[in-house]
Amino acid sequence: MNNKMSDSTMNNTVGIVGSRRHEPTHPSMCPGTSTDLASLFECPVCFDYVLPPIIQCQSGHLVCSNCRPKLSCCSTCRGPLGNIRNLAMEKVAETVTFPCRYQMNGCNVVLLHTEKPEHEDACEYRPYHCPCPGASCKWSGALDQVMGHLNQSHKTITTLQGEDIVFLATDINLAGAVDWVMMQSCFGHHFMLVLEKQEIDGRQHFFAIVQLIGSRKQAEHFTYVK
């Protein structure tokens, strides 16, 4: 294992950090970014922000694009939902910076609405799901809580220390697809090692995955070495 990670392995990381971000900025430091102005775009249903394209009801009330398909009438006035674009609010939205949706988790970044989706998809403060293979575990939490969850709820996973990796897989002749999982602590980080067996055309094939328990920025310091 070397201290560099290729782009092809970044998607295997538990946490990912966006490539474009503003330094934490207080809203009052930028024109048109006051908390009061951003609050005008608050969705009355989910309390997220209503971002362009902005559609209003016949009375001018707004609702975000995620909530609108779930509604049969305006959530504010109970009137019919139309397809009227509010071009004035869209123009105002171009000048407003909005806080990250994970602000309550500690993210202080403010962004233009065009940058919000990319940042929030990769925000280091977003909730992380359990990295164990399979979908049986529904846990999610902060990045710094992942190892605690694994130690508490997945006690069968062995954790080894050091840079030398020895992966012992038992019962390799079990029928069907099988996963073996272990943790390796080295280089100041934790890595999840997954050995997966698949049967293809009657033959056993084994695939190994190394997954960093960390952010995308941290993952940039590592790479696979053949």
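Which residues lie nearest the centre of the largest pocket? In this predicted model, in which local features need pLDDT of at least 70, side-chain atom pairs count only at pLDDT 80 or more, and totals for chains, interfaces and linings use all residues, those residues are Asp48, Tyr49, Leu51, Asn66 and Arg101. Residues are numbered from 1 along each chain as its sequence is written, and side-chain values use heavy atoms, with hydrogens and water left out.

The lining of the largest pocket comprises 14 residues. A pocket is defined on a 1 Å grid over the protein atoms alone as an open set of points where a 1.4 Å probe fits, with protein on both sides within 12 Å along at least five of seven lines; lining residues have an atom within 4 Å of a point. The space in this pocket amounts to about 260 Å³, the volume being that filled by probe spheres set on grid points joined across faces, edges and corners. By class, six lining residues are nonpolar, three polar and five charged (Ala, Val, Leu, Ile, Met, Phe, Trp, Tyr, Cys and Pro count as nonpolar, Asp, Glu, Lys and Arg as charged, and the others, Gly among them, as polar).

The loop between helix H2 (35-39) and strand S1 (55-56) contains proline 53 and phenylalanine 47; helices (H or I, at least four residues) and strands (E, at least two) are DSSP runs, numbered from the N terminus. The peptide bond from proline 52 to proline 53 is cis, with omega near -5 degrees. Phenylalanine 47, a residue other than glycine, has a positive phi near 65 degrees.

Four strands form an open sheet in the order S7-S8-S9-S10, with mixed pairing (two strands pair if DSSP finds at least two bridges between them). Strand S7 (158-161) and S10 are its edge strands, each pairing on one side only. S7 runs parallel to S8, with four bridges, and leucine 160 has glutamine 184 in S8 as its bridge partner. Strand S8 (residues 178-186) is joined to strand S9 (residues 189-200) in the antiparallel sense by nine bridges; here methionine 183 is partnered by methionine 192 in S9. The hairpin of S8 and S9 has two residues between the strands, and phenylalanine 187 takes a positive phi near 55 degrees. S9 and strand S10 (residues 203-212) are likewise antiparallel, joined by 10 bridges, with phenylalanine 207 in S10 as the partner of glutamate 196. In the hairpin of S9 and S10, also with two residues between the strands, aspartate 201 has a positive phi near 55 degrees.

The mean pLDDT of the chain is 80, and 82% of its residues reach 70 or more, pLDDT being the predictor's confidence in each residue, from 0 to 100. Among the elements, helix H1 (residues 7-10) has the lowest mean pLDDT (37) and helix H3 (residues 87-93) the highest (94). Over residues 1-33 the pLDDT is below 50, and beyond near neighbours in sequence this stretch makes 92 contacts in the model (heavy atoms within 4.5 Å).
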